[in-house]
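Subject: Structure handover

Hello,

The structure is placed below, with the sequence. My notes on it follow.

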Amino acid sequence: MARSRTDEVLEGWKMVAHIASRPAVAPRPRTRRTSGPSGLVPAAAVVLLLVVALSVRGLGQGPTPSQPAVGATPSMAASPVATANPSPSLSPTDMPTPSVAPGGSSTSADITTAKAAVDQYSADLVRGDYAAAWAMLGPEYRANAAPFASWSSERSQFFKSVAGRYTVVVSPPGVAPITDWLSSTFGAPINLAHAVLVEVDYPALAGNNAGYNLYIVNRTASGLAIYVVR
Amino acid sequence: MKPPCVLATAGVYLGMSVYLAITSDTDPRYEQAFERHWDDVFRFALAWTNDWAAAEDLAQDAYLRLWQHRSTLDWDRPVLPWLLVAARRLATDRFRALSRRILPRSADPSFDEATQVRWLDVRSAMGKLSALERSAVVLTAIEGWSYAEVAVALGTSDGALRAAVSRARVKLEVA
């Protein structure tokens, strides 16, 4: 008896879904980049700062902050605040290095060209020119993603839902910094001095988890390369 | 000891106490729930979202919710339904905002080419279904859950669930 298409799909789902492996460690709030309990860390730091600062002032009896002798104390107290304040939701171990801003340390020219590249890429997909869009993707992505035929088939289905409408946003707010998305670039040498994180929103899919894509646009010696990171 | 030193010591102690309280992250009930049910939660999320990375995010956040509610949760009752309902609510209510705040996974699933091709085909076919239809057919036909269990997880009635499964099968046949 021939197997039905329904059975084929369901068996395929089962086969693939059961490949998933449980993370090594159970999720913990302190690994999140959100407020909540981790927000108490900066609060604790502020308490510590206030108390230590108060103690340094000695209730009016000790040396003033302007005196050289206490130079070390304020800096020790200020340290946790400096760590926590730029982004209270970040745990100290998650903090990006200062040289890498959330959207990279890219210039306005980088941003303009990255936006134009993603706009072109999206327009190609909307138009159905999958070969052109595929060519804009980074070689590492193309080598590790699905074969072109499968990729274009999947994209064509997706872009039917998009209904031709999209919005390109550079360095989108509320998104993890670009350094956090590097693991999705298949080891490509991303030039963080010029790389730009770009989001494309699809209004037709608003509220759907598939309603947006994130890309890293990387500048190399041979030009721009796009990496789909979400 | 001078007052400033006392205050400084108290401040350091207070800060450390708060920090340690925050970072104290052992709870055997939570660990057990993670080991027993992660796979179920992930697959439920995968069925609902039809997106691997989104499912991982969703499963992760359902567990974060569990962690946050661990002190008020009735641990004598099965925790899996709680997790699934949490995952579904997160998915339907505010998944987009949520997903923005969660870290990307450390690596993409290591599918070989054949698996990747099959997954794309399955995902495309499953994409023709609504989240309810997809979850209904996956949980009853693949995961082997009872209709009563699935109805609770999906927040629907038995009749609506059966109708969703039926519609899903019809749609998949021509997907």
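Of the 230 residues of chain A, 31% count as buried, meaning that 20 or more other C-beta atoms lie within 10 Å of the residue's own, with 12 or fewer for exposed, partly exposed in between, and C-beta atoms placed from the backbone. This is a predicted model, in which local features need pLDDT of at least 70 and side-chain atom pairs count only at pLDDT 80 or more, while totals for chains, interfaces and linings use all residues. Residues are numbered from 1 along each chain as its sequence is written, and chains are lettered from A and ligands numbered from 1 in the order in which they are written.

Confidence

The predictor gives the complex an ipTM of 0.78 and a pTM of 0.49. Chain B has a mean pLDDT of 81, with 75% of its residues at 70 or more; pLDDT is the predictor's confidence in each residue, from 0 to 100. A contact requires C-beta atoms, placed from the backbone, within 7 Å.

Chain A

Chain A has 7 helices and 4 strands, taken as DSSP runs numbered from the N terminus (helices H or I, at least four residues; strands E, at least two). From the N terminus, the order is α-α-α-α-α-α-α-β-β-β-β. Of the contacts in chain A with a separation of 6 or more, 68% are between residues 24 or more positions apart.

The strands form an open sheet in the order β1-β2-β3-β4 (chain A), with antiparallel pairing; two strands pair if DSSP finds at least two bridges between them. At the edges are β1 (167-170) and β4 of chain A, each pairing on one side only. β1(A) and β2(A) are joined by 4 bridges, and V169(A) stands opposite E199(A) in β2(A). Helix α4 (residues 108-127) of chain A packs on the sheet, touching β1, β2, β3 and β4 of chain A, and its direction makes about 35° with that of β2(A). For such angles, axes are lines fitted to C-alpha atoms, for helices over the stretch in contact, and angles run from 0 to 180 degrees between N-to-C directions.

Strand β3 (residues 212-220) of chain A has 7 of its 9 residues buried, so it is largely enclosed by the rest of the structure. β3(A) pairs over 6 bridges with strand β2 (residues 196-201) of chain A, where V217(A) is the bridge partner of V196(A). On β4(A) (residues 223-228) there are also 6 bridges to β3(A), and a hairpin joins the two through 2 residues.

Nonpolar cores

A nonpolar core is a set of buried Ala, Val, Leu, Ile, Met, Phe, Trp, Tyr and Cys residues joined through C-beta atoms within 7 Å. The largest has 54 residues, of which V41(B), A45(B), A59(B), A87(B) and A136(B) touch the most other members. Elements giving two or more residues to this core include α1 (5-17) of chain A and α2 (28-49) of chain B. α2(B) gives the most, with 11 residues. A second, separate core of 32 residues includes V118(A), V175(A), V198(A) and V217(A).

Regards

Methods
Two residues are in contact if their C-beta atoms, placed from the backbone, lie within 7 Å.
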